[in-house]
Amino acid sequence: MSTYIFLLAVTLIVYLSLVTVILRDARTTVRRRFAFYLICGAAWSLSTLLAFTDAFGLTRVWTGLIVINGMATVIAYYSFVRAFVNRNNRSLPEILGYAVLVLVLIPLVATGHVPQTVSLSGGGLHVTYGPFLYLIAAVGYVFFILSVIALAGRYRSVQESQDRNKTAYLLAGLGVLAGFALRSGIPPVPAFPYEQIGHLGNALVISYAITRHRLLDVRLVLRKGLAYSGVSILITSIFLLMLVVVQQFVRSWTSSASLAAMFGMAVILAWAFNPMRGMVQKLVDRAFYGEAYDYRQLVLTFSKRMGSVIELRELAEAMLQPIVRSVRATQVSLLMPANNDFISHFAERLVEAEPLIPIKLSKDSPIVKWLDAHHRPLSREIIDIAPEFKGLCEAERNSFEAVQLDLLLPMVAKERVVAVLALSKKESGGIYSADDVDLLTTLTNEAAVALENAQLYAQARDRAHLDELTGLFNHRYFHERLDEEISRSSRFGDIFSLLFLDLDLFKIYNDVYGHLAGDDILKQIGHFIKSSIRSIDIAYRYGGDEFTIILPQASLDDALTVAERIRKKIESEMDARGVSITCSIGIASWPTDGVLREELFQAADAALYHSKQTGRNRITLAPDVTPSRVLNVGLKHTGEPGVLSTIYALAATVDAKDHYTYGHSKKVSTYATDIAEAFGYSDDRLAIMRAAALLHDIGKIGVSDGILVKSGKLDSDDWEAIRAHPKLGVAILKHVEGLSGCLAAIQYHHERYDGSGYPAGLKGENIPLDARILAVADSFDAMTSLRPYRPGKMTEEEALLELIRCRGTQFDPRVVDIFVAIMRGEHVAKTEKVRPAAQTGK
């Protein structure tokens, strides 16, 4: 095989590979016209290859096709350039060019006038075109010059840096084409068609420009190269082998018969190409993606699987769960519109035990405006360097750092962004490949309409949740939303507060002035409440003259500020109308005043009752009231031996699972109770602390013995089981009457003061004080006891020094200081009597 033939074969294979890659996403006019240009180039290379090999002895026929395909390639390139510069309609030069091709050049080739002579010698193809060479060259030069003019105009007019760079690439490609093609238009025509190399170089440059670095994605090149090029080489080899066999056995065939046979072989191979490509592609993909392959298939079949689903949560889970595992993202969030902002309503972590980090994009953010204008993926790299994002507020930049945001994809329906898909960094720390972006873009395009329909359904459902009189949400929706807020806060490590409001003397007013006047008052109260709360707070008419408000991410102090604003507003407005109506309010905070819905609601209700009983027109915090339910855990005071027996039986079960931790729960209980006494805990709260410490590890009942006594390093699966034990402990104990006061301490005793703990990632004083105390007591006993994962144990003084070293990062500094003083026998003055409000983050 000569060097010329080898180069032509390589050129053909590259053209075919480019065609298959571009046709995978040929939904735009630019890509479709570029694909047609590549097809013409591939036909040109194929006819040249057949001419150089003298296939079937039809060199003159193949040479005529070289002229036709070459002219078609030039015109197709100009057509692509017009689409690239946003001129999609057919121009006069294109129409005239195709007219010359069909009405002049093809008849000249068919009648034998072009080419005039053809010969193969010295490995080269020697062609004489006569005067028709100037016609062919003139047409080529005209379209070349028109392409340069169009691209140069585009470069001068466009403002966006990315579009200017793409245009510059296309101009560079034209330079490559001109360098190789100039010689071919000057007689004598060279033996090798160098202009083909020029067109191939141009095609590669264009591919790089319009796919934006995708040809530099090594995995994509290898994967597509193995699949597409492998099948192309196989098909081409079979075709050439068939040509050789046919030539050997049918030398006496006429030209027409040879052409018919060749056409039949081409049809057979074309029919076999797609099945072979699909089979090879599947094998290659499985080899490249490994266990992520099945998740990628779930992403690609999202539209088929979820087309009829209208529940937002179900759609979000079907999207996020396979995405996070198919591209190995540390976190994937779905940002939905809320008061014109985009907030992460749903999220998924690659490691489920890690806390979810919320994201918010304000309606005025440059990012939201960019996504709405461009409707394409936005990478962190562009956000950091593009001038249009210089005005990004510090809060959004900090939130991006916290979540390690790497990629944003808009979900567009009817030219409107209905949601944003946000991906944090990859598990490996690398960048998202072009293949990853392709996969995600395909999903966002398909899922956008389904999400929009789900949003419309949710809006219709919300209308059913409204109280028609006040315009606030109704009683039924309050209970649904309270459950959702507890779930969301648990996942994201947030706190929230609940306000319970009841109007004072409203019944008397209603009896005196009638129900219509009463309804008018309720409407006004609804308006006062809505005007006094934040955009993320949600108000409800619970029933009659009772109202509730959920305040996300609000501590007791924050909620007290809002409540006082509402109380004063109602008092002043009613007084101005000469109406003696005021309001009483009770406030509870999650998780301090209750982990479960019923506990939190009862705490707020008890606080409201206290406001009513102590004079009305006032606000009471749940921690300032001692609900009877709390007394249930004061075990030795209540005479509930059944609960006490339950506590010690469960504690013994935990200790029995691991001989290394025998007696651990009792020692932790002693340490924790000593700290709580120094904090000024009441007897009832000491009983809660003692019970919580005894049961803090009850969730380890669900952890296998092999993990608990494992001497080596724990792997990710082991850690996932360990990190689940606080939640499992709460799930077990919430069904035991009298232990509800222990739940917050048990669930959050593995939180860290700097927010890097589990299960919720709570930070600082957002962690309940009981849990902060328990964390110090638990860690101290663990450090001073034998453990299977380390040799020996620390002395008490070494453990105290370690607590001091970790104060402010892992542990609450106040708790550490008090415990160290206790253990060193120093005098500890009891702190001012602590109420649970100190646990809410102030």
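What follows is a short chat about some parts of this model.

Q: What should I know before we start?
A: This is a predicted model: local features need pLDDT of at least 70, side-chain atom pairs count only at pLDDT 80 or more, and totals for chains, interfaces and linings use all residues. Residues are numbered from 1 along each chain as its sequence is written, and side-chain values use heavy atoms, with hydrogens and water left out.

Q: What is the strand order in the open sheet of five strands?
A: The order is β10-β11-β9-β12-β13, with mixed pairing. Strands (E, at least two residues) and helices (H or I, at least four) are DSSP runs, numbered from the N terminus. Two strands pair if DSSP finds at least two bridges between them.

Q: Which strands are the edge strands?
A: They are β10 (538-543) and β13 (619-621), and each pairs on one side only.

Q: How do β9 and β12 pair? What is the sense, and how many bridges?
A: Strand β9 (residues 496-504) and strand β12 (residues 582-590) are antiparallel, over nine bridges. As a landmark, S497 stands opposite S589 in β12.

Q: Which strands does helix α20 touch?
A: Helix α20 (residues 556-576) touches β9, β11 (546-552), β12 and β13. Contact means heavy atoms within 4.5 Å. The direction of α20 makes about 170° with that of β12. Axes are lines fitted to C-alpha atoms, for helices over the stretch in contact, and angles run from 0 to 180 degrees between N-to-C directions.

Q: And where does α21 lie?
A: Helix α21 (residues 597-613) lies across β9, β10, β12 and β13. It runs at about 150° to β12.

Q: New topic. Where does α16 bend?
A: At A447, by about 40°. That bend is the angle between axes fitted to the seven residues ending there and the seven starting there.

Q: How many residues does α16 have, and what is its reach?
A: Helix α16 (residues 434-464) has 31 residues and reaches 44 Å from its first C-alpha to its last. That is close to the 45 Å expected at 1.5 Å a residue. The expected span is 1.5 Å times one less than the number of residues.

Q: Which residues of α18 are buried?
A: In helix α18 (residues 506-513) they are F506, Y509 and N510. They fall within an arc of 100° seen down the axis, so they line one face of the helix. The arc is that of the directions from the helix axis to the C-beta atoms. Buried means under 20% relative accessible area, exposed over 50%, and partly exposed in between (1.4 Å probe, protein chains only).

Q: What do they pack against, and which residues are exposed on the other side?
A: The buried residues of α18 pack against β9 and α19 (515-532). On the other side, K507, I508, D511 and V512 are exposed.

Q: Which peptide bonds are cis?
A: One joins W590 and P591, with omega about 5°. P591 is in the loop between β12 and α21. Another joins Y758 and P759, with omega about 10°.

Q: Why point those out?
A: Because most peptide bonds are trans, and most residues other than glycine have a negative phi.

Q: What about the phi of E415?
A: It is positive, about 60°, although E415 is not a glycine. E415 lies in the loop between β7 (405-413) and β8 (416-424).

Q: Is E415 buried or exposed?
A: E415 counts as exposed, at 64% relative accessibility.
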